[in-house]
Amino acid sequence: MNKFIPITKPDINSDDISAVVSVLESGMLVQGKKVLSLEEKFANFLNVDYSSAVSNGTATLHLALLAAGIKLGDEVIVPAFSYIATANVVELVGATPIFVDIDISTFNINVNLIEKAITSKTKAIIPVHEFGLPADMDSILEIAKQHNLVVIEDAACALGAKYKNRFAGTMGDFGSFSLHPRKAITSGEGGILLAKKQEHTNFIKSMRNHGIEMNEGVMEFIYAGYNYRMTDFQAALVSSQFERLETKIQTRQEIAKKYLSEIKNDKIKLPIQPLNYLHSWQTFHIILDDSINRTKMITELSEKGIGANYGAQCMPYMKFYLDKYKLDCEKNFPSAMKSYKQGLAIPMYENLDKDEINYIIDTLNKI
Ligand SMILES: *Cc1c(COP(=O)(O)O)cnc(C)c1O
């Protein structure tokens with residue numbers, strides 16, 4: 001390969017660029033009509049009543065926790081393996097993240113370990129649909145019902161993914177999506193938050209805009225809110241890409257299928273797609289045998305022209321959490337630790353061509 005294959009590449013075409021330019025030329029840059037129409041697009045596609053566009057996928061999770069009334073003294077269950085934002089937002093509202101180990105075959109929360117983690121302080125659970133594969137939502141919703149927990153789906157990576165014909169993000173009380181360039185469609189920075197209840201949606205839309213409420217044309221401020229707004233040119237960019245979402249997921253499925261059938265190496269454990277799940281393949285994440293030094297492998301692959309990196313973190317093992325909670329991660333979260341230490345995300349994006357895919361497969365088969 002004489003050119004470098006990155007781990008991901010946002011797919012921005014000339015239509016997307018024109019959509020942004022026309023907003024820039026209109027002079028109306030901040031949250032306005034384009035944001036409103038993006039919210040309608042999401043609600044229509046996912047077949048839900050309410051959707052709110054905000055500045056990023058961390059802000060969506062933060063607002064969901066605030067809307068759910070999660071506060072100091074409360075406990076929130078999160079998988080031990082995710083992008084750090086999933087735990088950080090729990091800290092932001094003063095609550096305590098309670099980490100639960102994952103199932104290493106799906107990289108999602110191990111539903112058999114959830115009930116042991118529930119106490120009288122547990123108020124919510126944030127299942128993550130890691131890398132675009134939905135978590136086992138039937139089990140999670142059942143546990144949540146029994147223990148009266150709010151369910152906030154972190155579907156940052158899972159726009160368009162499905163669990164038994166239901167879209168990821170639409171099953172819990174809240175569903176959160178990220179529009180960061182690492183995800184399937186992007187606004188640069190951005191996020192979409194679904195809430196089942198209208199009162200929550202009203203709160204979210206007010207909180208993202210300084211706590212504003214408009215009453216017959218008169219501006220009032222009813223909360224101490226944030227500025228978590230999305231701009232109209234960001235909304236135009238992602239709206240334009242939205243038209244290609246389903247094709248993008250299809251292409252990613254084809255690439256995943258080829259990786260799954262042609263990567264054949266005893267030192268590599270491949271991800272799975274369980275029956276009745278539609279994986280959106282935001283990331284293709286493999287586990288390397290313990291005999292391979294993953295960090296060195298990242299450098300070696302890079303020298304061969306292939307971008308690869310760790311996929312997500314064992315969150316309780318990150319400095320802030322380790323200092324604060326001092327959890328024995330090897331003992332309590334063996335699967336999250338293994339995924340963090342031996343996991344490797346390899347290139348996955350729509351514009352990977354056949355030669356590049358074959359080259360990646362050949363290279364991985366030789367390690
Ligand atoms: C990307 C991501 C986030 C954060 O989204 P941002 O838009 O970058 O703030 C949160 N959770 C998960 C699982 C993610 O992958």
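**Close-up 1. Lysine 162 over the ring of phenylalanine 167.** In this predicted model, lysine 162 sits over the face of phenylalanine 167, 4.9 Å from the ring centre. Phe167 also belongs to an aromatic cluster, together with Phe42, Phe45, Phe177 and Phe242.

Close-up 2. Tyrosine 317 comes from the loop between β18 (313-314) and α11 (319-325), and tyrosine 340 from helix α13, so the pair ties together parts 23 residues apart in sequence. Tyrosine 317 is partly exposed, with a relative accessible area of 30%; tyrosine 340 is buried, with 18%.

**Close-up 3. Inside the largest nonpolar core.** Nonpolar side chains tend to be buried together in soluble globular proteins. The largest nonpolar core here takes in 44 residues, and Leu65, Val76 and Phe174 have the most contacts inside it. Elements giving two or more residues to this core include β2 (75-79), α4 (85-92), β8 (150-154) and α13 (334-342). Helix α3 gives the most, with 6 residues. Zoom in on valine 76 and, setting aside its neighbours within four places in sequence, you'll find contacts with Leu65, Ile70, Val90, Ala95, Thr96, Pro97, Ile98, Ala124 and Ile126. There's also a second, separate core of 26 residues, with Ile5, Phe284, Tyr349 and Ile361 among them.

**Close-up 4. Serine 280, buried in a loop.** Look for serine 280 in the loop between β16 (277-278) and β17 (284-288). Serine 280 is buried, with a relative accessible area of 3%. Its side chain reaches the backbone oxygen of cysteine 157 at 3.2 Å. Glycine 132 is 148 residues away from serine 280 in sequence, yet their C-alpha atoms are 4.8 Å apart in space. Leaving out neighbours within four places in sequence, the contacts of serine 280 are Gly132, Cys157, Ala158, Leu159, Ala161, Ile249 and Arg252.

Notes
Residues are numbered from 1 along each chain as its sequence is written. This is a predicted model: local features need pLDDT of at least 70, side-chain atom pairs count only at pLDDT 80 or more; totals for chains, interfaces and linings use all residues. Side-chain values use heavy atoms; hydrogens and water are left out. A nonpolar core is a set of buried Ala, Val, Leu, Ile, Met, Phe, Trp, Tyr and Cys residues joined through side-chain atoms within 4.5 Å. Buried means under 20% relative accessible area, exposed over 50%, partly exposed in between (1.4 Å probe, protein chains only). Helices (H or I, at least four residues) and strands (E, at least two) are DSSP runs, numbered from the N terminus. Contact means heavy atoms within 4.5 Å. Rings of Phe, Tyr and Trp (its six-membered ring) pair if their centres lie within 6.5 Å; planes under 30 degrees apart count as stacked, over 60 as edge-to-face and the rest as tilted. A charge sits over a ring if NZ of Lys or CZ of Arg is within 6 Å of the ring centre and within 35 degrees of the ring normal. A polar contact is a pair of N or O atoms within 3.5 Å; within protein, one must be able to donate a hydrogen and the other to accept it, and residues adjacent in sequence count only if both atoms are side-chain atoms.
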